[in-house]
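Let's walk through a protein model together, one question at a time.

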Amino acid sequence: MSFRDDNEEAANLRKPFLHTGSWYKMGSRQSSIMSSSAQMLRDGSVSVVFCVLVVALGPIQFGFTCGYSSPTQAQIISDLKLTISEFSIFGSLANVGAMVGAIASGQIAEYIGRKGSLMIAAVPNIIGWLIISFSKDSSFLFMGRLLEGFGVGVISYTVPVYIAEIAPQNMRGSLGSVNQLSVTIGIMLAYLLGLFVNWRVLAVLGVLPCTLLIPGLFFIPESPRWLAKMGMTEDFESSLQVLRGFDTDISIEVNEIKRSVASSSRRTAIRFAELKRKRYWFPLMIGIGLLVLQQLSGINGVLFYSSNIFANAGISSSNVATFGLGVVQVVATGVNTWLMDKAGRRLLLLISSSGMAASFFLVSVAFFLEGFVSEDSRFYSILGILSLVGLVTVVISFSLGVGAIPWVIMSEILPVNIKSLAGSVATLANWLVSWIVTMTANFLLDWSSGGTFLIYGIVCAFTVAFVSLWVPETKGRSLEEIQFSFR
């Protein structure tokens with residue numbers, strides 16, 4: 001029985017939510033009637049980059065959601081008469097919504113495709129931002145935050161998986177890190193625009209990324225690996241051809257993907273007892289471990305409440321300093337994008353987590369010493385600068401590895417027959433810990449800024465040990481090779 005016959009029933013039951021488009025099925029003889037822009041898309045590298053840039057609008061939305069609470073805290077508390085506890089709930093509800101989205105994300109992406117799941121994620125994001133913009137009390141504020149959180153939860157799983165599945169192996173790391181680069185751009189935009197507009201207008205501006213994402217999805221192909229798994233052979237080969245270029249021989253990659261899908265299709269569901277096998281539990285442990293440690297590092301606590309942290313450090317223009325932090329994060333993540341396929345994932349993770357640990361310890365010492373120094377003294381100002389430098393170094397270190405690489409590795413190492421379930425569990429774990437960190441950050445900072453950063457530093461030190469002992473290098477290997485290595 002052929003590959004197509006094996007999956008004919010699945011193909012009839014599961015069609016792409018969005019049509020993959022017909023422009024990329026045109027043969028070379030028809031190229032003369034295509035416009036110059038369409039002709040550019042027929043080049044493999046240009047086509048892949050274009051697809052990545054379209055789906056990157058999702059992570060920009062993700063980042064805008066993360067950055068929104070920092071420049072708006074004082075305004076929202078004042079306008080809606082909220083307590084600090086209520087605003088902490090508002091800040092953390094995005095994580096609660098994202099947990100629900102994470103639970104559903106794997107099955108949604110598996111059933112209707114990667115593009116379809118991004119379309120579904122965009123709609124609640126748009127509605128959520130509009131509800132926040134027109135909120136008159138905390139109940140509507142909370143409802144809007146939950147809706148946008150749900151969309152972000154689906155985006156956070158689907159985008160890295162889509163990018164990993166369409167990218168050639170020599171570009172997969174760099175293109176995969178565009179996901180985190182886009183998140184940082186979203187955060188920076190929230191910080192920048194928050195300097196000039198009030199919180200209601202800022203919420204309206206939050207609608208833009210997903211509003212642009214929806215039409216963009218109609219101009220990119222579906223993931224070839226998902227199409228292959230669904231038995232849509234013609235669409236699968238057409239999608240892969242345009243992603244690699246019409247002059248590229250894709251026969252080797254087509255056969256490799258077909259063998260991988262055929263192997264996984266022999267048993268589409270696994271029993272719980274089989275998770276004890278190393279080929280399943282080891283990559284799942286690595287994926288969940290990295291995503292949990294990413295959030296336990298406290299980065300969301302730093303980013304969500306950076307304005308307050310800078311104010312407590314004695315920085316007068318705290319919102320401007322926060323925007324500067326966003327710019328630094330974008331630049332550092334851009335460097336990571338360039339280094340990913342050169343230095344490798346493992347080395348960057350070790351450098352990143354080590355830098356975070358040292359920086360957090362530095363900030364912790366600075367805050368502890370401020371408690372014993374007069375605010376009028378010159379040494380107090382020096383400590384304020386020291387804490388600012390430490391936090392900037394934390395963000396730079398995070399952006400060089402811990403920010404992007406856990407999502408890249410998660411999308412690379414999970415076996416294809418448990419990817420939807422395992423990916424949802426890993427994403428859920430990430431958002432659950434993110435919610436705990438976001439919910440507790442304000443209270444911990446009120447308790448002791450120095451103690452809070454000391455805790456975050458210890459977690460980062462543990463991350464160094466975790467990566468050293470268990471995380472493999474995936475640079476320069478195909479997805480099929482990576483997953484076969486765990487057998």
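Predicted model: local features only at pLDDT ≥ 70, side-chain atom pairs only at ≥ 80, totals over all residues.

Q: How many helices and how many strands does the protein chain have?
A: Helices (H or I, at least four residues) and strands (E, at least two) are DSSP runs, numbered from the N terminus. Counted that way, the protein chain has zero strands and 23 helices.

Q: What percentage of the residues of the protein chain count as buried?
A: Buried means under 20% relative accessible area, exposed over 50%, and partly exposed in between (1.4 Å probe, protein chains only). The protein chain has 487 residues, and the share that counts as buried is 59%.

Q: Among contacts between residues at least 6 apart in sequence, what percentage join residues at least 24 apart?
A: A contact means heavy atoms within 4.5 Å. Taking the contacts in the protein chain between residues at least 6 apart, those joining residues at least 24 apart make up 82%.

Q: How many salt bridges are there, and which residues are linked in a network of them?
A: A salt bridge is a side-chain nitrogen of Lys or Arg within 4 Å of a carboxyl oxygen of Asp or Glu. By this rule the count is nine. The residues linked in a network are Glu110, Arg114, Glu165 and Lys229.

Q: How many residues apart in sequence are the parts that Glu110 and Lys229 tie together?
A: The side chains of Glu110 and Lys229 form a salt bridge at 2.4 Å, N to O. Glu110 lies in helix H6 (residues 84-133) and Lys229 in helix H11 (residues 224-229), so the pair ties together parts whose separation in sequence is 119 residues.

Q: How many disulfides does a search of the whole structure find?
A: A disulfide is a covalent bond between the sulfur atoms of two cysteines. The search looks for a pair of cysteine sulfur atoms within 2.5 Å. Cys210 is buried at 0% relative accessibility, and Cys460 is buried at 2%. Across the whole structure, the number of disulfides found is zero.

Q: Which residues form a nonpolar patch on the surface?
A: Patches are made of residues with over 30% relative accessible area and no salt bridge, where like charges are joined within 9 Å and nonpolar side chains (Val, Leu, Ile, Met, Phe, Trp, Tyr) within 5 Å. Areas come from the Shrake-Rupley method with a 1.4 Å probe, and for residues only the protein chains shown count as cover. Helix H18 (345-370) and helix H22 each supply at least two residues of the patch. With about 340 Å² of accessible area together, its members are Phe361, Phe368, Leu454 and Ile458.

Q: Which residues does Ala366 contact, leaving aside neighbours within four places in sequence?
A: Ala366 sits in helix H18 and is buried, with a relative accessible area of 0%. Its C-alpha is 7.5 Å from that of Gly384, 18 residues away in sequence. Beyond its neighbours within four places, Ala366 is in contact with Leu383, Leu386 and Ser387.

Q: What is the phi of Lys81, a residue that is not a glycine?
A: Most residues other than glycine have a negative phi. Lys81 is found in the loop between helix H5 (57-80) and H6, and is exposed, with a relative accessible area of 66%. Its phi is positive, at about 55 degrees.

Conventions:
Residues numbered from 1 in each chain as written. Heavy atoms only, no water.
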